[in-house]
Amino acid sequence: GFGAWNSIFRRFRRWAEHGVFQRIFESLSGDPDFEYVLVDGTIISVHQKASGAKGDLNQAIGRSKGGLTTKVLALVDALGNLVRFRLLPGQRSEIIAVPALIEDLSFDAFLGDKAFDADHLRGALHERGVQAVIPARQNRKICIPHDEEIYKWRHLIENYFSKIKEFRGVNTRYDKTDTSYEATWCIAATVIALR
């Protein structure tokens, strides 16, 4: 066997809190291809037992029509490999986590769906010399065109979500804390990177 469950859990928590799983993922995932990046969010249902963490109540768990949810905003490279992700409560807008997601990264184009069509994001990307490949919302007064050929590659991030959601602990959040759930994502992402 693996030993006493409590010892295993304490080691998991200690490693999660010290970013060990994050470092393992980063060291085994290879060099990203930053010709362009694809950003999107996915909703994860939260198991009822995952709510109510002691201490810090801000655990990226939100309440929406579908019950308790966490939103994961992910960034994949031009080959469809995960580079980074951020957790948000399910009801929050994904666009608020984009600055933290793209911080310190250098890439040529940003691919996102209509949820990312905001003047402040487009302006921030333009200042960095990054091409925004984002379809304009229908309610825009002046329609901003996007490169439809490049936009076709957006399916790569959907493909990644399909792969990582094959892991039961990713597809449904059982972890009470963000730290543990992020570690769960890093473990699953490492397994995918090694395939």
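## Strand S1 and its partners

In this predicted model, aspartate 40 stands opposite alanine 74 of strand S3. The pair belongs to an antiparallel arrangement in which S1 and S3, the latter covering residues 67-76, are joined over eight bridges. S1 also pairs with S5, here in the parallel sense and through three bridges; within this pairing, valine 37 has phenylalanine 110 of S5 as its bridge partner. A further parallel pairing links S1 to strand S7 (residues 172-173) over two bridges, where valine 46 is partnered by arginine 173.

Strand S1 itself runs through residues 36-46, and nine of its 11 residues are buried, so the strand is largely enclosed by the rest of the structure.

## Helix H6

Helix H6 comprises residues 155-164, with Leu156, Ile157, Tyr160, Phe161 and Ile164 buried. Viewed down the helix axis, these buried residues fall within an arc of 145°, and they therefore line one face of H6.

The cover over the buried residues of H6 includes both strands and helices. Among the strands are S1, S3 and S4 (82-89); the helices include H7 (168-171) and H8 (178-194).

## Helix H4

Helix H4 spans residues 119-127 and has Leu121, Arg122 and Leu125 as buried residues. Down the axis of H4 the buried residues lie within an arc of 100°, so they too line one face of the helix. The face of H4 turned away from this buried side carries the exposed residues Asp119, His120, His126 and Glu127.

Among the elements covering the buried residues of H4 are helix H3 (98-102), strand S5 (109-111) and strand S6 (131-133). Strand S5, which contributes to this cover, is also a parallel partner of S1. Just after H4, glycine 129 adopts a positive phi of about 75°.

Relative to leucine 73, aspartate 104 is 31 residues away in sequence, and the C-alpha to C-alpha distance between the two is 17 Å.

## The chain as a whole

The protein chain contains eight helices and seven strands. Its radius of gyration is 18 Å, close to the 16 Å that the globule rule gives for 195 residues, so the chain is as compact as a globular protein of that length. Along the principal axes, the C-alpha trace spans about 60 × 40 × 25 Å.

Of the 195 residues in the chain, 44% count as buried. Among contacts with a separation of 6 or more, 58% are made by residues 24 or more positions apart. The accessible surface of the protein chain amounts to about 11,200 Å², and carbon and sulfur atoms account for 52% of this area.

Terms used: Residues are numbered from 1 along each chain as its sequence is written. This is a predicted model: local features need pLDDT of at least 70, side-chain atom pairs count only at pLDDT 80 or more; totals for chains, interfaces and linings use all residues. Side-chain values use heavy atoms; hydrogens and water are left out. Buried means under 20% relative accessible area, exposed over 50%, partly exposed in between (1.4 Å probe, protein chains only). Helices (H or I, at least four residues) and strands (E, at least two) are DSSP runs, numbered from the N terminus. The arc is that of the directions from the helix axis to the C-beta atoms. Contact means heavy atoms within 4.5 Å. Two strands pair if DSSP finds at least two bridges between them. The radius of gyration is taken over C-alpha atoms; the globule rule is 2.2 Å times the number of residues to the power 0.38. Accessible areas come from the Shrake-Rupley method with a 1.4 Å probe; for residues, only the protein chains shown count as cover.
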